Amino acid sequence: LLPQVTNFVMQTDPLAAWIKQIAGIAPQRAFPAYARQTFKAWFRKRPVRAKGRKEVILWPDTFVNFFNPQIGKDAVHVLESYGYTVHVPMQSLCCGRPLFDYGMLNLAKRLLRRVLDALAPYISAGVPVVGLEPACLSTFRDELVDLFPHDENAHRLSAQSFLLGEFLDQEVQSFDPPQLPAKALVHGHCTHKAVLNKLEPDEKVLQKLGLDYKLLDSGCCGISGAFGFRKANYVLSMDIGERVLLPAVREAPKNTLIIADGFSCREQIVQSTDREALHLAQILCMAMHGQKTPLIDYPERSYLESARKRRFLR
């Protein structure tokens, strides 16, 4: 309700330091800033586009909704550009994954039950669900059917769930994005690599964009949800990040794009280097908005600034 006030409290010492101490958070970590407007609030105010055409649900995960709404906006633009009517659930829903770490499976199951009930009409109609956060989507694909083994809609949702790159590669027959003449470093989210599709569809999307990219053999970024924020885990978190990911980002030419779909991965990068990683949805929008020349240094900064200007012009 008061994101700017909350950000001030969470990012200004001594208040921020006191909160970290009470919560057991590493003092070296910064709290992610809340967005001024949530993704859902933005989507609720805009008119329906491509009405009556193919339908898709865009899953508004917690991270996109409250912290990185621009990723959701760019994903909407991409999906609508290929003729899809985008639906975004407005209820307060969560995949329940953060609860797994603490063994709170009964509560997680109740949250997933709400998801199944809220999406039931779309699930039964065969409408695909596109997710932007690999950890959240993997819950639908993996744990959901274990928690609801006899629920037909649980099995349907598992089969109808896609990450954005996966959906574009496998479901959009007309997918032929504009070329993006740039170099890129790609870091894959742990759950994406281990549970979902091992990045092959995303690589096909990057190849169609014409990107000269390198997929890092970087393992985990080191944050992994709340793990890397805890004071007791900070040193290990940084050791993991410094193994491959963070040195590669620092050593990359400054006009190289850094691509990471996971919220934790992007946080590790932005908090430990002078770079900011972009989501695949943002890379696609960069190409769609006419990026034809070689990128300048820190291309993420210029792109995010241009995205903010487009928002004010709409």
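Mentor: A residue is called buried under 20% relative accessible area, exposed over 50%, and partly exposed in between, using a 1.4 Å probe and protein chains only. The model is a predicted one, in which local features need pLDDT of at least 70, side-chain atom pairs count only at pLDDT 80 or more, and totals for chains, interfaces and linings use all residues. Residues are numbered from 1 along each chain as its sequence is written, and side-chain values use heavy atoms, with hydrogens and water left out.

His150 is in the loop between helix H8 (134-147) and helix H9 (152-159); helices (H or I, at least four residues) and strands (E, at least two) are DSSP runs, numbered from the N terminus.

Now the rings. A pair of aromatic rings is described by the distance of the centres and the angle of the planes. Rings of Phe, Tyr and Trp (its six-membered ring) pair if their centres lie within 6.5 Å; planes under 30 degrees apart are stacked, over 60 edge-to-face, and the rest tilted. By this rule there are 10 aromatic pairs. One of them joins Trp59 and Phe140 edge-to-face, at 5.1 Å centre to centre with 80° between the planes. Trp59 is in the loop between strand S1 (54-58) and helix H4 (62-66), and Phe140 is in helix H8, so this pair ties together parts 81 residues apart in sequence. Both Trp59 and Phe140 are buried.

Tyr84 and Phe167 also form an edge-to-face pair, with 5.3 Å between centres and 65° between the planes. This pair links distant parts of the chain, since Tyr84 belongs to strand S2 (residues 84-87) and Phe167 to helix H10 (residues 164-171), 83 residues apart. Tyr84 and Phe167 are buried.

A charge sits over a ring if NZ of Lys or CZ of Arg is within 6 Å of the ring centre and within 35 degrees of the ring normal. The charged end of Lys54 sits over the ring of Tyr84, 4.5 Å from the centre. Likewise, the charged end of Arg301 sits over the ring of Tyr298, at 3.8 Å from its centre.

Rings can also gather in a group: Tyr34, Phe63, Phe67 and Phe263 form one aromatic cluster.
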